[in-house]
Amino acid sequence: MVRSLWTAATGMNGQQANIDAIANNLSNVNTTGFKQQRVEFEDLLYDTVQLAGTPATEDTVTPVGIQQGAGVRVGATQRIMGQGSLQSTGVETDVAIVGEGFFRVQKYDGSYAYTRDGSFKVDSTGQLVNANGLRVMPEIILPEGYNVQTLTVTDTGRVSVKVNGATEPTDVGQLELYRFPNAVGLEADGDNLYTVSNASGDPIAARPGFEGMGITKHKFLEMSNVSVVNEMVQMIVAQRAYEFNSKAIQTTDTMLSTAVNLKQR
């Protein structure tokens, strides 16, 4: 009976982690480029009381053994890298990715980070940056006298802009996308950024629309791929599982009290 206390406790801890992930998904339902996270569980080691195939008689063996489980633990929290819905914004510096790939930005320490958030801005030097001022790489620098209302980004990531007084647009740079052998192995860094890990593999660069990369959509943003309805259903399931595990603890406590009372009699 004491075993069931610990087993049910691991179940409650596991469902708490599940609720935490669901709450994080729901809180980021309007976060640009956010990818849903799910909790994956695995059972703990078993106490083997009797091995399957143990001789039962001189001529027979037991067809099944006796194993008692020790509960559950969180095995992984995996990102679901499915495509989010596109939202038309009409903002000249907004760019969405349709398909595979990430934008790359340079952090303040010189290292690189990757993002699906294409809500870019233009800083005081005319450079294309993200919402936190990190430079988009390769660098896109708008020329002097540019008119941001004429900025254009093609499906293949070519960026052009009209300079005041000019009749033809001027090419100012080429956006590149980056994909990974194992994108779900990227480490979430906050601020809609991911960083490379040993599990993700090294980034592979290519122009949008080439070598398996997605395309870029100008004046659109990719929204979160979280489904509120699905998350609410998962929340109900997790809540019920949490309640059932707590009920198992209460039941075990009642059984222990009964056993103690019998001994006292």
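Let's start in strand E13, where Ser160 is the bridge partner of Thr152. Before going further: this is a predicted model.

That pair belongs to the contact between E12 and E13. Now widen the view. E12, E13 and E14 make up an open sheet of 3 strands, in that order, with antiparallel pairing. Which strands sit at the edges? Those are E12, residues 152–153, and E14, residues 170–174. Each of them pairs on one side only.

The loop between strand E11, residues 135–137, and E12 holds Pro138. The bond is cis, and omega is near -5 degrees.

Next, a hairpin. Strand E7 spans residues 103–106, and strand E8 spans residues 112–115. They pair in the antiparallel sense, over 4 bridges. Val105 stands opposite Ala113 of E8. Between the strands there are 5 residues. In this hairpin Gly110 has a positive phi, near 95 degrees.

Take Asp191. Its phi is positive, about 60 degrees, although Asp191 is not a glycine. Asp191 lies in the loop between strand E16, residues 187–190, and strand E17, residues 193–195. Buried or exposed, at 57% relative accessibility? Asp191 counts as exposed, because the cut-off for that is over 50%.

Then Lys219. Here phi is about 65 degrees, again positive in a residue that is not a glycine. Lys219 sits in the loop between strand E19, residues 215–218, and strand E20, residues 220–222. Its relative accessible area is 31%, so Lys219 is partly exposed.

Last stop, the helix. H1 runs over residues 2–27, and Thr10 lies in it. Thr10 has a relative accessible area of 18%. Buried means under 20%, so Thr10 is buried. What does its side chain reach at 2.6 Å? The backbone oxygen of Thr7. There is a second polar contact. A polar atom of the Thr10 side chain lies 3.2 Å from the backbone nitrogen of Val72. Val72 also turns up in the contact list of Thr10, leaving aside neighbours within four places in sequence.

To recap the backbone: a cis bond from Met137 to Pro138, and a positive phi at Gly110, at Asp191 and at Lys219.

Note on methods: Residues numbered from 1 in each chain as written. Predicted model: local features only at pLDDT ≥ 70, side-chain atom pairs only at ≥ 80, totals over all residues. Heavy atoms only, no water. Pairing = 2+ DSSP bridges. Helix = DSSP H or I, 4+ residues; strand = E, 2+ residues; numbered from the N terminus. Buried < 20%, exposed > 50% of the residue type's maximum accessible area, 1.4 Å probe, protein only. Polar contact = N/O pair within 3.5 Å; in protein donor to acceptor, adjacent residues only side chain to side chain. Contact = heavy atoms within 4.5 Å.
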